[in-house]
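Trainee: Please take one part of this model and go through it closely, together with what surrounds it. I would like each term to come with its cut-offs.

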Amino acid sequence: YRVTQYAQIERWWEIVSSAYLLVSLQFGGLSSDNNFSSDPLLEKFQEHSCWQRSSSWTSRLHNLRLVVQPYVCFCWLKAWLSIFELPELECGFSQLIAVLNQFEGWRKFNHFSPSRAFSSA
């Protein structure tokens, strides 16, 4: 994707800066050098085979994606679950997301909830 006009470039940098801000705000609780480092849930997060222990911004983004991944995957599958009833799968996602929402290090914006995903669909 290529942008050449000033307004497009400006919008691109707004998106990049917003993403950086959101990751930086949310990652505070997900790093081991914070007040939540003794949280057993954070220790569980760090057991994930893809967890990156680096403190670089790209590692922070990667780790945040890992934690948000169950909710994103559920959103992808939600339309299919309305066609093919698999209550066990929906229940499993709900349980996993509920566990992730218990993490005290989350910034208190809105917790993820499968019941809110595509609620209008």
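Mentor: What follows begins with the chain as a whole and then turns to one helix and its surroundings.

This is a predicted model, in which local features need pLDDT of at least 70 and side-chain atom pairs count only at pLDDT 80 or more, whereas totals for chains, interfaces and linings use all residues. Residues are numbered from 1 along each chain as its sequence is written, and side-chain values use heavy atoms, with hydrogens and water left out.

The chain has four helices and zero strands, and its elements follow one another from the N terminus as α-α-α-α; helices (H or I, at least four residues) and strands (E, at least two) are DSSP runs numbered from the N terminus. Of its 121 residues, 27% count as buried, where buried means under 20% relative accessible area, exposed over 50% and partly exposed in between, with a 1.4 Å probe and protein chains only. Among contacts (heavy atoms within 4.5 Å) between residues at least 6 apart in sequence, 53% join residues at least 24 apart.

The part to look at is helix 3, which covers residues 57-83 and holds S59. With a relative accessible area of 5%, S59 is buried, and, leaving aside residues up to four places away in sequence, S59 touches Q52 and S54.

Helix 3 also gives the largest share, four residues, to the lining of the second largest pocket, to which helix 2 (40-46) and helix 4 (87-101) each supply at least two residues as well. A pocket is found on a 1 Å grid over the protein atoms alone, as an open set of points where a 1.4 Å probe fits, with protein on both sides within 12 Å along at least five of seven lines, and its lining residues have an atom within 4 Å of a point. The volume of this pocket is about 190 Å³, and among its lining residues are F45, W51, L66, V67, Q69 and P70. The lining divides into nine nonpolar residues, two polar and one charged.

Helix 3 is linked to helix 4 by a charged pair, too. The side chains of K78 and E90 form a salt bridge at 3.3 Å, N to O, the term being used for a side-chain nitrogen of Lys or Arg within 4 Å of a carboxyl oxygen of Asp or Glu. This pair joins distant parts of the chain, with K78 in helix 3 and E90 in helix 4, twelve residues apart, and E90, at 29% relative accessibility, counts as partly exposed. The structure holds two salt bridges; the side chains of E47 and K44 also meet in one, at 3.9 Å, N to O, and both of these residues are exposed.

Finally, W80 is exposed, with a relative accessible area of 51%.

Conventions
Grid points are joined across faces, edges and corners, and a volume is the space filled by probe spheres set on the points. Ala, Val, Leu, Ile, Met, Phe, Trp, Tyr, Cys and Pro count as nonpolar, Asp, Glu, Lys and Arg as charged, and the others, Gly among them, as polar.
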